[in-house]
Amino acid sequence: MKDINLKKMIPFLDDEELELLVNKILESEEGIYKNVTIKDLLPFLDEDLIEKAFKSDLNKNKDVSFYFPFLDDEFYDDIVSKMLENKKIDDKFYSYLPYLSEEILSKVVDSYLKDEIDLDINRVYPFLSDEDIRKIFRKSILD
């Protein structure tokens, strides 16, 4: 039994076995179970398990940037929508920018222009539509 390498088994595990492994990793303090991490599993997990692991690591204030290519795009919009509802944009917001929809980015701009949120708008420009950039420009000219 000493020579069993769980990493080499990952592509052959079914959804139930992968979920068991995810749970073991999430329960561990270090985020590792028998030399396997969530990063090792991501390409093999369904959206629900990825979201579960992401939320768990996010709540533990761990780095979650490695999840981004694997999360459903709507997930980012939901997170930012909650930030807008709470009128609080945190530093993680900037790492979500490439994954946000044009619609939610427009809402961010509107909230920013109404002084409802505080953010570094200069970091957001590359992700905005021409229309949103025009809105910001017009506001800056009028103020």
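In which loop is aspartate 115 found? Select aspartate 115 and you will see that this residue is found in the loop between α7 and α8, where helices (H or I, at least four residues) and strands (E, at least two) are DSSP runs numbered from the N terminus. Before going further, note that this is a predicted model, in which local features need pLDDT of at least 70, side-chain atom pairs count only at pLDDT 80 or more, and totals for chains, interfaces and linings use all residues. Residues are numbered from 1 along each chain as its sequence is written, and side-chain values use heavy atoms, with hydrogens and water left out.

Aspartate 115 has a positive phi of about 60 degrees although it is not a glycine, and it counts as exposed because its relative accessibility is 66%; exposed means over 50% relative accessible area, buried under 20%, and partly exposed in between, with a 1.4 Å probe and protein chains only. Then select lysine 88, which lies in the loop between α5 and α6 and is exposed, with a relative accessible area of 56%. Leaving aside neighbours within four places in sequence, lysine 88 is in contact (heavy atoms within 4.5 Å) with Met83 and Ile117.

**Helix α4**

Now select residues 47–59, which form α4. This helix has 13 residues and reaches 18 Å from its first C-alpha to its last, close to the 18 Å expected at 1.5 Å a residue, the expected span being 1.5 Å times one less than the number of residues. At its N-terminal end the cap is aspartate 46, with a side-chain oxygen 3.2 Å from the backbone nitrogen of aspartate 48, while just after the helix asparagine 61 takes a positive phi of about 60 degrees. The buried residues of α4 are Leu49, Ile50, Ala53, Phe54, Ser56, Asp57 and Leu58, and what covers them includes α2, α3, α5 and α6.

**Two helix pairs**

Show α2 beside α4: their axes, which are lines fitted to C-alpha atoms over the stretch in contact, come within 11 Å and cross at roughly 0 degrees, on a scale that runs from 0 to 180 degrees between N-to-C directions. The two helices are therefore roughly parallel to each other, a description used for angles under 35 degrees. On the α2 side the contact includes Leu18, Val22 and Leu26, and on the α4 side Leu49, Ala53 and Ser56 are among the residues taking part.

Move on to α7 and α8 (residues 130–142), which pack at an angle of about 10 degrees with their axes 10 Å apart, so that α7 is roughly parallel to α8. Among the residues making this contact are Leu105, Val109 and Leu113 of α7, together with Ile136 and Lys139 of α8.

**The nonpolar core**

Finally, select Leu41, Phe54, Tyr67, Phe93, Tyr96, Leu100 and Val124, which touch the most other members of the 44-residue largest nonpolar core, a set of buried Ala, Val, Leu, Ile, Met, Phe, Trp, Tyr and Cys residues joined through side-chain atoms within 4.5 Å. The largest share of this core, 6 residues, comes from α5. Stop at tyrosine 67, which, not counting residues up to four places away in sequence, touches Ile38, Leu42, Ile50, Ala53, Phe54, Asp57 and Tyr76.

How values were computed:
A polar contact is a pair of N or O atoms within 3.5 Å; within protein, one must be able to donate a hydrogen and the other to accept it, and residues adjacent in sequence count only if both atoms are side-chain atoms. Angles under 35 degrees count as roughly parallel, over 145 as roughly antiparallel, 65 to 115 as roughly perpendicular and the rest as oblique.
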